[in-house]
Amino acid sequence: MRGSTSFEPGSHRIEVRFVRHCGRFGDFGRTAANGRARDRIATGGRRYRVAMDERGQWLTDRLVLVTGGGRGLGSSIARAFAGQGAGVVLNYRRSRERAEALAAEIGDRALAVQADVTDEQQVHAMFETIAQRFDQPVTTVVNNALADFSFNGESRSHAGEIGWGEFDAQFRGSVSGALHTTRAALPQLRAQGTGQIINIGTNLFQRPVVPYHDYTAAKAALLSLTRTFAADLGPDGITVNMVSGGLLRTTDASADTPEEVFDGIAQATPLRRVVTPGEFADAVLFFASPWARAVSGQNLVVDGGLVNG
Ligand SMILES: NC(=O)c1ccc[n+]([C@@H]2O[C@H](COP(=O)([O-])OP(=O)(O)OC[C@H]3O[C@@H](n4cnc5c(N)ncnc54)[C@H](OP(=O)(O)O)[C@@H]3O)[C@@H](O)[C@H]2O)c1
């Protein structure tokens with residue numbers, strides 16, 4: 001199907017062109033069918049491109065950098081994006097073998113790149129490597145990397161013992177990492193007039209039931225940065241959002257969590273279970289999707305309903 005349609009929701013003029021249609025496209029209400037869909041949406045003078053291929057993948061035009069993508073939640077996020085046809089860059093710091101194995105499993109549209117995200121020069125070098133390998137710019141950055149941490153309340157420092165060194169490590173991992181990747185991505189996101197920064201947070205901000213003072217404070221700072229960057233970068237067409245998890249069953253960081261804690265959280269959770277990394281990763285896709293194009297500065301809690309965001 002070829003053609004175009006336009007209408008005016010609120011103050012924005014939205015124009016959708018159907019090159020060879022099509023699939024059901026959100027609030028535009030088109031009917032699903034087979035074949036490649038390429039819808040172009042212009043909102044307020046800015047163009048959003050949406051592509052669905054014959055396998056029904058919706059993010060084929062995205063190139064997504066996932067920090068800490070070699071293992072843990074990061075590998076689930078990378079798999080989720082790859083499953084929607086996106087190109088994925090699996091950033092790793094030490095887990096070379098796991099990152100390269102996952103990249104090989106995903107195929108041509110995946111690349112494993114080493115960089116310590118707390119080191120700005122390494123992050124810039126990573127973006128150069130990405131630019132050499134892909135014939136498209138990065139569209140989406142997922143700041144997932146977690147500075148070495150074990151989710152076991154018994155092994156964490158309480159208020160009387162914790163020192164600034166522990167806070168410093170978490171702030172460097174969460175805040176400096178996100179700052180470096182966002183700044184390195186900015187020129188190409190601005191040139192595209194669109195882009196998505198997605199930061200990973202925690203529901204301990206709302207429900208601080210364990211003494212993860214350093215970790216939670218750093219994630220709270222990252223939430224603030226999410227909001228101030230959203231305000232700053234919105235005029236460039238760039239959205240900045242956070243997806244916050246509760247305890248996940250299981251990543252390396254949550255492998256030390258006692259079984260009774262998993263059970264207690266499951267019982268207190270409206271869905272009566274602990275969320276998996278795969279389920280969490282699916283929610284991350286939303287903020288990179290065209291359906292979230294008008295959402296910025298938000299914190300989506302993905303924990304089975306335990307905490308009200
Ligand atoms: N697991 C949970 O229950 C849970 C709950 C809520 C939120 N989260 C969030 O999920 C995210 C991932 O946590 P996780 O549980 O998957 O942690 P994890 O299993 O400990 O994995 C940590 C990841 O971060 C990477 N990393 C650490 N420092 C890095 C650095 N300086 N530069 C680049 N990569 C670095 C590691 O890479 P290398 O191995 O290559 O060093 C690894 O891929 C975090 O943002 C965390 O706050 C997790």
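The exercises below walk through one predicted model, each with a worked solution.

Residues are numbered from 1 along each chain as its sequence is written. Because the model is predicted, local features need pLDDT of at least 70 and side-chain atom pairs count only at pLDDT 80 or more, while totals for chains, interfaces and linings use all residues.

**Exercise 1. The chain as a whole**

Find how many helices and strands there are in the chain, and what percentage of its residues count as buried.

Solution. Start with the elements: helices (H or I, at least four residues) and strands (E, at least two) are DSSP runs, numbered from the N terminus. The chain has seven helices and eleven strands. Next comes burial. A residue is buried if 20 or more other C-beta atoms lie within 10 Å of its own, exposed if 12 or fewer, and partly exposed in between, with C-beta atoms placed from the backbone. Of the 309 residues, 43% count as buried. Last come contacts, which are pairs of residues whose C-beta atoms, placed from the backbone, lie within 7 Å. Among contacts between residues at least 6 apart in sequence, 64% join residues at least 24 apart.

**Exercise 2. The sheet**

State the order of the seven strands in the open sheet, and name the edge strands.

Solution. Strands pair if DSSP finds at least two bridges between them. The order is β7-β6-β5-β8-β9-β10-β11, with parallel pairing. At the edges are β7 (110-114) and β11, each of which pairs on one side only. Neighbouring strands are turned against each other by 20 degrees on average, direction ignored. For such angles, axes are lines fitted to C-alpha atoms, for helices over the stretch in contact, and angles run from 0 to 180 degrees between N-to-C directions.

Now follow some of the pairs:

- β6 and β7 are joined in parallel by five bridges, and Val89 stands opposite Leu111 in β7.
- Helix α3 (residues 120-133) packs on the sheet, touching β6 and β7, and its direction makes about 155 degrees with that of β7.
- β5 (residues 63-66) and β8 pair in parallel over three bridges, with Val66 opposite Val142.
- β8 and β9 are parallel too, over four bridges, and Asn143 has Asn199 in β9 as its bridge partner.
- From β8 the chain passes through helix α4 (residues 164-192) to β9 in a right-handed β-α-β crossover; right-handed means that, with the strands pointing away from the viewer, the path from the first strand over the helix to the second runs clockwise.

**Exercise 3. Strand β10**

Decide whether the two faces of β10 are covered or open, and find which residue of β10 Ile200 stands opposite.

Solution. First, take the faces. Ile238, Val240, Met242 and Ser244 on one side and Thr239, Asn241, Val243 and Gly245 on the other are all buried, so both faces are covered. Second, take the neighbours. Eight bridges join β9 to β10 in parallel, and Ile200 stands opposite Val243. The chain gets from β9 to β10 through helix α5 (residues 213-233), again by a right-handed crossover. On the other pairing, β10 and β11 (residues 299-302) are parallel over four bridges, where Met242 stands opposite Asn299. Third, place the helix: α5 lies across β9, β10 and β11, at about 160 degrees to β10.

**Exercise 4. Thr216**

Determine why Thr216 counts as partly exposed, and which residues Thr216 touches.

Solution. Thr216 lies in helix α5. Thr216 is partly exposed because 19 other C-beta atoms lie within 10 Å. Not counting residues up to four places away in sequence, Thr216 touches Thr202, Leu204, Phe205 and Pro208.

**Exercise 5. Backbone exceptions**

Locate the cis peptide bond, and say where Arg272 lies.

Solution. Most residues other than glycine have a negative phi, and most peptide bonds are trans. The bond between Arg249 and Thr250 is cis, with omega about 0 degrees. Thr250 sits in the loop between β10 and α6 (259-268). Arg272, in the loop between α6 and α7 (277-288), has a positive phi of about 60 degrees although it is not a glycine. Arg272 is exposed, as 10 other C-beta atoms lie within 10 Å.

Note on methods
Contact = placed C-beta atoms within 7 Å.
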